[in-house]
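User: I would like to learn how to read the features of a protein model, one at a time. Could you give me the general idea each time and then show me the case here?

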Amino acid sequence: MVPASGNLMVCQRQFWMGTHRAGMVARIWADCDLIHVLIAGIRIKTVRSHLSVNDLTTLVRQGAVPAGPAPLPPVEDGDAIEVERCVNRGGGVSLGKHIVLAAEILAGRRVGIRIEAATLMFYDLDTRELLRTRTNPLRPEQVKRLRGSRPAGPPPRPSVEPVRVQRRASNSGIIMVTGQKVALGRLHRHQTVTVTVSETTLAIELTDGDTKVVRRTTNQPVRSIKGQRPRIATQVS
């Protein structure tokens, strides 16, 4: 049920549905790649999934049921196209007369965009790693007129590789990664350390050459890469 605030919480992640949808029943379709939110059978939004296989198993224990095919229209060969665009300072890209939000963290980066009938998939040009998924606001005739369009390649996929980030320890020697606090000790206060974030562990490379590995206890995605500004992400989780 969408609460009065319009901010729906699903699996420790917030979905802004708008206050005008308060009281409506939302259906969540999820796998390890994408999450779709539907109301009255209409897909409202699609976002990249933060869920692991273990998370899906937990949801089943809590009452989730097999969902069937994804609520996206089938894409026939030749239906999808791709374009390349540079993300502006505000995190948006220009598609015809539309400015579509990709993500602020991608500002200044040139990305590929796979355009399907209902979905825009932003991806890394070198690796085809899926970066963001958005609803397609363009009509078919507008898509045909896009500058630099070409037939689409294979659908981009989310990265499964660990993400490396930097964090600066506090005065008491504590860092925070994916919403999880890790105590390194006062010996490491104010030091900047590198952390390798995987689905199950956080591996902290300490400045004395040792590596501290702790179990990851949250499902929150990585939101910043650098321990200090500027925070420029080379990959997004």
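User: Is Glu141 buried, partly exposed or exposed?

Analyst: Buried means under 20% relative accessible area, exposed means over 50%, and partly exposed lies in between, using a 1.4 Å probe and protein chains only. Glu141 has a relative accessible area of 37%, so Glu141 is partly exposed. This is a predicted model, in which local features need pLDDT of at least 70 and side-chain atom pairs count only at pLDDT 80 or more, while totals for chains, interfaces and linings use all residues. Residues are numbered from 1 along each chain as its sequence is written, and side-chain values use heavy atoms, with hydrogens and water left out.

User: With which residue does Arg139 form a salt bridge?

Analyst: A salt bridge is a side-chain nitrogen of Lys or Arg within 4 Å of a carboxyl oxygen of Asp or Glu. Arg139 forms one with Glu141, and their closest N and O atoms are 2.7 Å apart. Arg139 counts as partly exposed, because its relative accessibility is 46%.

User: How many salt bridges does the structure hold, and which parts of the chain does the pair of Glu82 and Arg128 link?

Analyst: The structure holds eight salt bridges. In one of them the side chains of Glu82 and Arg128 meet, at 2.6 Å from N to O. This pair links distant parts of the chain, since Glu82 is in strand S6 and Arg128 is in the loop between S10 and S11, 46 residues apart. Strands are DSSP runs (E, at least two residues), as helices are (H or I, at least four residues), and they are numbered from the N terminus. Glu82 counts as buried because its relative accessibility is 2%, whereas Arg128, at 22%, counts as partly exposed. Glu82 and Arg128 also belong to a network of salt bridges that links them with Glu84, Arg110 and Arg150.

User: What is the order of the strands in the open sheet of five strands?

Analyst: Two strands pair if DSSP finds at least two bridges between them. The order is S11-S10-S9-S6-S12, with antiparallel pairing. Strand S11 (130-135) and strand S12 (150-151) are the edge strands, each pairing on one side only. Within this sheet, S9 and strand S10 (residues 119-123) pair in the antiparallel sense over four bridges, and Arg114 has Met121 in S10 as its bridge partner.

User: Where is Arg109 placed, and which side chain does a polar contact join to that of Arg109?

Analyst: Arg109 is in the loop between strand S8 (98-101) and strand S9 (110-115). A polar contact is a pair of N or O atoms within 3.5 Å; within protein, one must be able to donate a hydrogen and the other to accept it, and residues adjacent in sequence count only if both atoms are side-chain atoms. Such a contact, of 2.7 Å, joins the side chains of Arg109 and Asp124. Arg109 counts as buried because its relative accessibility is 16%.

User: Which residues touch the most other members of the largest nonpolar core?

Analyst: In soluble globular proteins, nonpolar side chains tend to be buried together. A nonpolar core is a set of buried Ala, Val, Leu, Ile, Met, Phe, Trp, Tyr and Cys residues joined through side-chain atoms within 4.5 Å. Here the largest core has 18 residues, of which Val93, Leu95, Ile113, Ile115, Leu120, Phe122 and Leu146 touch the most other members. S9 gives the most to this core, with three residues.
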